[in-house]
Amino acid sequence: MFSFTTTIKKFGEQGEKTGWTYIVVPETISKKLNPGVKKSYRVKGKLDEFPIEKVALIPMGGGDFILAINAAIRKATGKRYGSKLTVQLELDISPILAPLELLECLQDEPDALKYYNALPQGHRNYYTKWIQAAKTEPTKTKRIAVVIKTMALKMDFGTMLRFEREEKKKLEG
């Protein structure tokens, strides 16, 4: 496990990362965590005393990586942009398993299943983590239904989220 202290940062205008809160994992640490790897990979460990697992490190060029500090992590650690954070990381090679309910539902929708199986594992992980992040069973069920519906329409994860937002606006408006 590799430990260091860093400051939480926030992107200004940075394409798809605009507004993200994150920490930098310097090249010196990333080379020890996963030697020779220059693409995204997953880590586990602690941010202060908050345990994390299956969290992606994203390459930023020059050997540095970033780790996104989402709202759940900020709330759990009580930290925000500009705060110091004690970081302990190690490589996480445990697989991200799709929820059984999702796999069962995909069996009933052959087109959705075919599209899902054609996606790279990393892309399937986006859907899995989104479903698993649901705080209630009704939310989890709704998310599975959205995934099945949008898989049948051959939507990637980002398109699915935008589609879902638009559908929600229509229902509210």
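Glu 53 counts as exposed, at 53% relative accessibility; buried means under 20% relative accessible area, exposed over 50%, and partly exposed in between (1.4 Å probe, protein chains only). The structure is a predicted model, in which local features need pLDDT of at least 70 and side-chain atom pairs count only at pLDDT 80 or more, while totals for chains, interfaces and linings use all residues. Residues are numbered from 1 along each chain as its sequence is written, and side-chain values use heavy atoms, with hydrogens and water left out.

Glu 53 is found in strand β5; strands (E, at least two residues) and helices (H or I, at least four) are DSSP runs, numbered from the N terminus. Not counting residues up to four places away in sequence, Glu 53 touches Val 43, Lys 44 and Asp 92, where contact means heavy atoms within 4.5 Å. Between Glu 53 and Gly 12 the C-alpha to C-alpha distance is 27 Å, at a sequence separation of 41 residues.

The secondary structure of the protein comprises seven helices and seven strands. In sequence order the pattern is β-β-β-α-β-β-β-α-β-α-α-α-α-α. The C-alpha trace spans about 45 × 40 × 30 Å along its principal axes. Of the 173 residues in the protein, 36% are buried. Among contacts between residues at least 6 apart in sequence, 61% join residues at least 24 apart.

Phe 4 counts as buried because its relative accessibility is 13%. With residues up to four places away in sequence not counted, Phe 4 touches Val 24, Val 25, Pro 26, Ile 29, Leu 85, Thr 86, Val 87 and Leu 89. The C-alpha atoms of Phe 4 and Lys 114 are 43 Å apart in space, and the two residues are 110 apart in sequence. Thr 6 has 12% relative accessibility and therefore counts as buried. Neighbours within four places in sequence aside, the contacts of Thr 6 are with Ile 23, Val 24, Ser 83, Lys 84, Leu 85 and Val 87.

Thr 128 is placed in helix α5. The relative accessible area of Thr 128 is 1%, so the residue is buried. Apart from neighbours within four places in sequence, Thr 128 is in contact with Ile 96, Leu 97, Ala 98, Pro 99 and Tyr 116.

Two packed helices are described by the angle between their axes and the distance between the axes. For helix α3 (residues 100–107) and helix α6 (residues 137–152), the axes come within 10 Å and cross at roughly 35°. Axes are lines fitted to C-alpha atoms, for helices over the stretch in contact, and angles run from 0 to 180 degrees between N-to-C directions. The crossing of α3 and α6 is right-handed; a crossing is right-handed if the near helix is turned clockwise from the far one by less than a right angle, and left-handed if anticlockwise. On the α3 side the contact is made by Glu 101, Leu 102, Cys 105 and Leu 106, and on the α6 side by Glu 137, Lys 140, Ile 144, Val 147 and Ile 148. By class, the contact of α3 with α6 has six nonpolar, three charged and no polar residues. Ala, Val, Leu, Ile, Met, Phe, Trp, Tyr, Cys and Pro count as nonpolar, Asp, Glu, Lys and Arg as charged, and the others, Gly among them, as polar.

Pockets were identified on a 1 Å grid over the protein atoms alone, a pocket being an open set of points with protein on both sides within 12 Å along at least five of seven lines; lining residues have an atom within 4 Å of a point. The largest pocket holds about 2,200 Å³ of space, a volume being the space filled by probe spheres set on the points, with grid points joined across faces, edges and corners. Its lining has 50 residues, and Arg 42, Asn 70, Tyr 126, Lys 129 and Phe 157 lie nearest the centre. Two or more lining residues of the largest pocket come from each of β4 (41–47), β5 (50–61), α2 (71–77), α5 (121–132), α6 and α7 (157–172). Strand β5 gives the largest share, nine residues. By class, this lining has 26 nonpolar, 12 polar and 12 charged residues.

The second largest pocket holds about 220 Å³ of space. Its lining consists of Trp 130, Thr 139, Lys 142, Arg 143, Val 146, Leu 161, Glu 164, Arg 165 and Lys 168. Helices α6 and α7 each supply at least two residues of the lining of this pocket. By class, the lining of the second largest pocket has five charged, three nonpolar and one polar residues.

Definitions and conventions:
1 Å grid on protein atoms, 1.4 Å probe; cavity = no way out; pocket = protein on both sides within 12 Å on 5 of 7 lines; lining within 4 Å.
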